[in-house]
Structures are given as C-alpha cells and as structure tokens.
Amino acid sequence: MARQDALLRLHKNLLVRRSELRKRLGLELEELAHVKHSSASGDAADAAFDSSGEEIASTLAELESKELAQIERALRRLKAGTYGKCEGCNVSIPVARLNALPFSTLCVKCQREVEQYGGWGAGRGEADWGKIADADPMADRDVNISDLEIDLSK
Ligand SMILES: [Zn+2]
C-alpha cells in the first residue's frame with residue numbers, strides 16, 4: 001500500500017476514534033454529574049459506593065481526554081502535512097510503526113535516544129547552550145567595537 005493511502009486510512013481511523021471518544025466522554029461526564037448529584041442526597045453507604053464509581057469514571061474520562069488530545073494533535077499534523085515525520089531528525093516514520101503507534105512523533109532511532117538520554121530535546125538543548133555560552137561574549141564585543149568605530153567616524 002502506498003504511504004499516502006496508509007496515512008489516509010490512519011486519518012479515517014483517527015476521525016472514527018475521535019467521535020467515539022467524544023461520545024463516550026460526553027456520557028461519562030454526564031454520569032459524573034449525575035453521581036455527584038445523587039451522592040449529595042444519599043445515605044453514607046450510597047455515598048461510599050458513589051464516590052468509588054465517581055473515581056473510576058473520572059479516571060476513565062481523564063485517560064480518554066488524554067487520548068483525545070493526542071488524536072487532535074495527530075489530526076493537526078496530518079492536516080499540516082507533518083504527520084509521520086520524525087520530530088527529531090525529520091525522516092519519514094515507517095507506516096508499520098505509525099499503524100502500531102499512531103501518535104508516535106519520533107522514528108525508532110530518535111525514540112531510542114529519548115529513552116536512553118532521558119529526552120532528545122534536553123540533550124540537544126544543553127549542547128546548544130554550551131555553544132551559545134562560548135560564542136556570545138566575543139560576538140557582543142565585536143558588535144560593540146564596530147558600533148563605536150562607526151560613531152567615531154561620524
Ligand atoms: Zn528520528
């Protein structure tokens with residue numbers, strides 16, 4: 001199957017999953033509101049039962065809203081044409097990996113680096129800061145001197 005077709009199929013699956021999640025989240029939030037309402041008027045035993053039910057419902061709702069956010073993000077990336085591109089090295093993530101992990105934004109190599117060094121962004125950021133610290137004082141001095149020279153020649 002061509003990559004484009006695979007991405008289109010993934011897109012369709014994500015849309016289906018999103019509407020599923022939205023419907024379920026809506027029902028669960030409704031249920032939560034109902035549970036809160038009924039526990040206010042129930043006796044102690046009812047209240048205990050209700051609060052455990054409420055906990056399960058709110059945990060589920062939390063997980064589902066997290067997945068929903070991931071789906072929204074993937075859909076935005078699909079629309080922007082950046083879906084399936086590794087955020088680390090910009091290679092095309094293989095379709096097999098995207099099918100298994102539709103929300104993956106890193107290729108296997110970069111994912112391994114993240115797991116090994118505890119964050120691709122963190123490691124890269126530190127390297128950049130080192131360079132900036134070395135280069136900046138000189139660059140600033142050069143700019144200042146040339147500014148002074150320009151002022152004196154006026
Ligand atoms: Zn990569």
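Donors are N, O and S atoms within 2.8 Å of the metal. In this predicted model, the zinc ion is coordinated at 2.3 Å by the SG atoms of Cys86, Cys89, Cys107 and Cys110. The largest nonpolar core holds 18 residues, and Cys86 is among the members that touch the most others.

**Zinc site**

- The 4 donor atoms subtend angles of 102 to 113 degrees around the zinc ion, and the arrangement is therefore tetrahedral.
- For four tetrahedral donors, the ideal angle at a metal is 109.5 degrees.
- Along the chain, the donors of the zinc ion follow the spacing C-x2-C-x17-C-x2-C.
- Cys86 belongs to the loop between helix H2 (44-80) and helix H3 (95-100), and Cys107 to the loop between H3 and helix H4 (108-117), so this pair ties together parts that are 21 residues apart in sequence.
- Cys86 has a relative accessible area of 2% and is buried; Cys107, at 8%, also counts as buried.

**Helix H4 and its end**

- H4 is hardly covered, with 1 buried residue among its 10.
- Gly118 follows H4 and has a positive phi, near 65 degrees.

**Nonpolar core**

- In the largest nonpolar core, Leu7, Leu14, Leu78, Tyr83, Cys86 and Leu98 touch the most other members.
- Helix H1 (3-41) and H2 are the elements that give two or more residues to this core.
- The largest contribution comes from H2, with 6 residues.
- Beyond its neighbours within four places in sequence, Tyr83 contacts Leu7, Leu10, Ala74, Arg77, Leu78, Leu98 and Pro102.

**Arg77 and its surroundings**

- Arg77 is a residue of helix H2 and, at 12% relative accessibility, counts as buried.
- A polar contact of 2.9 Å joins the side chains of Arg77 and Glu87.
- Not counting residues up to four places away in sequence, Arg77 touches Thr82, Tyr83, Gly84, Lys85, Glu87 and Thr105.

**Gly84**

- Gly84 is placed in the loop between H2 and H3, where its relative accessibility of 1% makes it count as buried.
- Leaving aside neighbours within four places in sequence, the contacts of Gly84 are Arg3, Arg77, Val91, Ser92, Ile93 and Leu98.
- Gly84 and Arg3 are 81 residues apart along the chain, with their C-alpha atoms separated by 9.7 Å.

**Glu20 on helix H1**

- Glu20, in helix H1, is partly exposed, with a relative accessible area of 38%.
- The C-alpha atoms of Glu20 and Leu68 are 9.7 Å apart in space, and the two residues are 48 apart in sequence.

**Confidence**

- The protein chain has an average pLDDT of 78, and 66% of its residues score at least 70.
- Where pLDDT is low, the predicted coordinates should not be read in detail.

Conventions: Residues numbered from 1 in each chain as written. Predicted model: local features only at pLDDT ≥ 70, side-chain atom pairs only at ≥ 80, totals over all residues. Heavy atoms only, no water. Donors = N, O, S within 2.8 Å, 3.2 Å for Na, K, Ca; no water. Tetrahedral: all angles 85-135°; square planar, octahedral: opposite > 155°, others 65-115°. Helix = DSSP H or I, 4+ residues; strand = E, 2+ residues; numbered from the N terminus. Buried < 20%, exposed > 50% of the residue type's maximum accessible area, 1.4 Å probe, protein only. pLDDT = per-residue confidence, 0-100. Core = buried A, V, L, I, M, F, W, Y, C linked by side-chain atoms within 4.5 Å. Contact = heavy atoms within 4.5 Å. Polar contact = N/O pair within 3.5 Å; in protein donor to acceptor, adjacent residues only side chain to side chain.
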